[in-house]
Amino acid sequence: MPELIIIGGGPAALTAAVYAARKRIDTLLLSTELGGQPLTTLGIENYMGYQYIEGPELMQKFEEQMKQFPLEQKIGPAVIALSRLDGGFEVKTDNGESYQAKAVIIATGKRPRSLNVPGEERLRGRGVTYCAICDGPLFAGEKVAVIGGGNSALEAVDDMVKIAEHVHLVSLTPLTGDQIVIDRVIGAANLSVFLEHEVVEIEGSSRVEVIAIRDLKTGEQKKLKVGGVFIEIGLIPNSELAKGIAKLNKLGEIEVNCACATGIPGLYAAGDVTDVPEKQIVVAAGEGAKAALQARRYLQRL
Ligand SMILES: Cc1cc2nc3c(=O)[nH]c(=O)nc-3n(C[C@H](O)[C@H](O)[C@H](O)COP(=O)(O)OP(=O)(O)OC[C@H]3O[C@@H](n4cnc5c(N)ncnc54)[C@H](O)[C@@H]3O)c2cc1C
């Protein structure tokens with residue numbers, strides 16, 4: 001049984017892995033993939049040491065650094081359950097494996113929020129996407145819709161007006177992004193804006209063909225012909241594993257103290273999945289380091 005299991009493959013988990021391995025803690029890293037959210041980020045200008053670096057390149061460097069140290073990794077399967085045992089924890093993965101350890105760090109980050117409308121799940125990957133930066137070029141020359149009114153949606157619009165034939169921006173609320181971003185984006189000749197409208201349905205037989213939207217003020221419904229729908233309505237924490245074990249806040253984030261401790265002996269959490277404010281790579285990496293060092297102190301006391 002390893003002493004420590006780290007769940008996740010983003011900045012928090014990979015940093016925790018380096019710190020744990022350098023302290024010679026017998027560690028197992030379990031993640032669906034390596035890289036996390038920065039894989040969907042083009043330019044990063046605020047990770048110290050790099051004036052500018054693309055997200056995938058930065059995470060490649062994290063991975064290379066981690067691989068310098070002896071560390072067991074299982075990349076691919078998702079962790080689907082975490083339970084407490086006498087003197088430790090058990091985790092189960094979706095390929096039927098289970099692993100036990102004396103301590104666990106949850107660093108599972110966040111995922112895009114779904115609209116939860118008919119057609120969304122069925123057409124996911126068939127025109128429904130959650131990452132304009134990653135998938136935008138696939139829709140060059142097409143009509144598309146961007147759903148959301150915050151900075152992520154506006155950035156998606158900014159990208160898509162340059163490559164799509166036409167972009168419809170549909171927001172449930174008035175725009176909530178930064179004024180500087182709104183000023184840069186609104187006014188493009190190939191952009192129509194539907195504020196205070198909700199998406200009712202995404203339609204299409206094998207690919208997205210139409211979205212149905214409804215004006216919240218008048219109740220009037222419209223159908224927009226589009227080949228792609230970019231859903232940019234925020235992120236939710238991947239904290240399901242901790243439900244019923246650790247405390248979650250109203251946003252579903254795992255509550256931790258300044259030592260990344262959840263209050264359950266041996267269970268730590270780090271990065272975007274926690275209630276630590278300011279979701280940034282440098283913050284997640286710092287929290288990952290702290291969680292591993294605190295887990296070591298815990299293991300030494302056993
Ligand atoms: C579009 C965008 C742009 C951004 N730009 C910047 C920027 O310029 N600068 C900046 O500092 N920050 C930026 N951020 C924020 C930054 O990416 C996050 O704060 C950071 O990635 C959080 O790291 P994390 O390790 O906590 O989680 P994540 O990066 O979310 O990684 C979580 C990891 O856990 C894995 N995982 C999740 N659930 C499970 C499970 N059940 N089983 C196994 N593995 C699991 C995932 O596959 C992933 O590898 C941006 C975010 C986005 C979305």
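**Close-up views of a predicted model**

**View A. Pairing of strands S6 and S7 in the predicted model****.** Val79 has Thr93 as its bridge partner in S7. This pair belongs to the antiparallel pairing of strand S6, residues 79-85, with strand S7, residues 88-93, which extends over 6 bridges. The two strands form a hairpin with 2 residues between them, and in this hairpin Gly87 adopts a positive phi near 80°.

**View B. The open sheet of strands S15, S16 and S17****.** The sheet consists of 3 strands in the order S15-S16-S17, with antiparallel pairing. Strand S15 (197-203) and strand S17 (221-225) lie at the edges, and because each has a single partner strand, one side of each remains without a neighbour in the sheet. On average, and with direction ignored, neighbouring strands here are turned by 25° against each other. Strand S16, residues 210-215, is joined to S17 by 5 bridges, the two running antiparallel, and Ile211 is found opposite Leu224 of S17.

**View C. Packing of helix H1 against helix H6****.** Helix H1, residues 11-22, packs with helix H6, residues 281-301, at an angle of about 35°, and the axes of the two helices are 7 Å apart; the crossing of H1 and H6 is right-handed. From H1, the contact draws on Pro11, Ala12, Thr15, Ala16, Tyr19 and Ala20, while H6 contributes Ile281, Ala284, Ala285, Gly288, Ala289, Ala292 and Leu293. Of the residues in this contact of H1 with H6, 11 are nonpolar and 2 are polar, and no charged residue takes part.

Key
Residues are numbered from 1 along each chain as its sequence is written. This is a predicted model: local features need pLDDT of at least 70, side-chain atom pairs count only at pLDDT 80 or more; totals for chains, interfaces and linings use all residues. Side-chain values use heavy atoms; hydrogens and water are left out. Axes are lines fitted to C-alpha atoms, for helices over the stretch in contact, and angles run from 0 to 180 degrees between N-to-C directions. Helices (H or I, at least four residues) and strands (E, at least two) are DSSP runs, numbered from the N terminus. A crossing is left-handed if the near helix is turned anticlockwise from the far one by less than a right angle, and right-handed if clockwise. Contact means heavy atoms within 4.5 Å. Ala, Val, Leu, Ile, Met, Phe, Trp, Tyr, Cys and Pro count as nonpolar, Asp, Glu, Lys and Arg as charged, and the others, Gly among them, as polar. Two strands pair if DSSP finds at least two bridges between them.
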